[in-house]
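Thanks for making time this morning.

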Amino acid sequence: MAQQLIGFIGAGNMATSLAGGMVAKGIRPARIWMSDPSQDRLDEVSQLHRVHVSTENRDIVSRVDVLVLAVKPQMMQAVCEDLRDLVADRQPLVISIAAGITVANLKTWLGETPVVRCMPNTPSLVQAGATGLFAADGVSDEQKAMAKEILGSVGLTFWFDEEKELDAVTAVSGSGPAYFFLLMESLIEAAKAQGLDAATARQMVLQTAWGAAQLAITSEVGPDVLRKQVTSPGGTTAAALNVFEEAGFREQVQAAVAAARERSEELAG
């Protein structure tokens, strides 16, 4: 990807995080272009990452080889249709990070061009993301490598052979951070109910969550083994886990993820 120019339509948090991740991984800022209707936002991004900026989407498309669509889903059709003639002429690799916008949608609005659809999650904002990717027909291996390099700058990437699998990705990693936040929130409240002050409860819960995640990531065994290792028969952890099991915790997680996937499918039409 040494000479490829990369353009972002939209300079929101996710696009800015991707640009920052790319720069941190050694991609020269001069190769990155970003557009946004807010000049103040562009000034901020330019100062932060030293990338090229413009308030004109068409100016970006006329220059780049890879086009990252990072606008809100409800704005996508209008943005794409305005760029259709330039996309037809330049045939850039189009990477969409908008939830619920299918490849069929994009090709209807943009015309035929190589498309990779991605589902990043919010931890990408701190370079700890998990992103699912699907390449439509006509995307070359080189272009897939470009997409992987861009999205991989903010975390791990996973390729899927079927676009419909992105609904499961949405339900697991896209919505997943909220599931962990809910557990953190609940555990903080439980800690306060047991007499810990609010500041201590928060710090202790967040550090425990971070530590558990780090242990799971770096361990050679799975979370099931780690859980057993910390659970002594008849001990305090066992007493707590028994409450979760009796309340149907596993079944509730299964039902929640299934509901999220079903909603993702509905939104995608």
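Let me begin with a single side-chain pair: in this predicted model, the side chain of Ser-35 makes a polar contact with the side chain of Asn-57, at 2.7 Å. Ser-35 belongs to strand β2, which runs over residues 32–35, and because its relative accessibility is 0%, Ser-35 counts as buried. Leaving aside residues up to four places away in sequence, Ser-35 touches Phe-8, Ile-9, Gly-10, Ala-11, Leu-42, Ser-54, Glu-56, Asn-57 and Ile-60.

Strand β2 also comes up when we turn to helix α1, whose buried residues pack against β1 (6–9), β2, α2 (39–49) and α6. How many of the 12 residues of α1 are buried? Nine of them are, so α1 is largely enclosed by the rest of the structure; the buried residues are Met-14, Ala-15, Thr-16, Ser-17, Leu-18, Ala-19, Gly-20, Gly-21 and Met-22. From its first C-alpha to its last, α1 reaches 16 Å, close to the 16 Å expected at 1.5 Å a residue. Just after this helix, Gly-26 takes a positive phi of about 105 degrees.

The buried residues of α6 are Gln-143, Met-146, Ala-147, Ile-150, Leu-151 and Gly-152. As background to a list spaced like that, an α-helix has 3.6 residues a turn, so residues three or four places apart point the same way.

Next, the second largest pocket, which has a volume of about 760 Å³. Of the 34 residues that line this pocket, Ala-70, Val-71, Lys-72, Pro-73 and Ala-98 are the closest to its centre. The elements giving two or more residues to the lining are α1 (13–24), α4 (73–90), β6 (115–119), α7 (165–174) and α12 (249–268), with the largest share, four residues, coming from α12. By class, the lining holds 17 nonpolar, 13 polar and four charged residues.

Finally, a word on helix α4, where Asp-82 lies. Is Asp-82 buried, exposed or partly exposed? With a relative accessible area of 40%, Asp-82 is partly exposed, and its C-alpha atom is separated by 8.1 Å from that of Arg-58, a residue 24 places away along the chain.

Note on methods:
Residues numbered from 1 in each chain as written. Predicted model: local features only at pLDDT ≥ 70, side-chain atom pairs only at ≥ 80, totals over all residues. Heavy atoms only, no water. Buried < 20%, exposed > 50% of the residue type's maximum accessible area, 1.4 Å probe, protein only. Polar contact = N/O pair within 3.5 Å; in protein donor to acceptor, adjacent residues only side chain to side chain. Contact = heavy atoms within 4.5 Å. 1 Å grid on protein atoms, 1.4 Å probe; cavity = no way out; pocket = protein on both sides within 12 Å on 5 of 7 lines; lining within 4 Å. Points joined across faces, edges and corners; volume = space filled by probe spheres on them. Nonpolar A, V, L, I, M, F, W, Y, C, P; charged D, E, K, R; others polar. Expected span 1.5 Å × (residues − 1).
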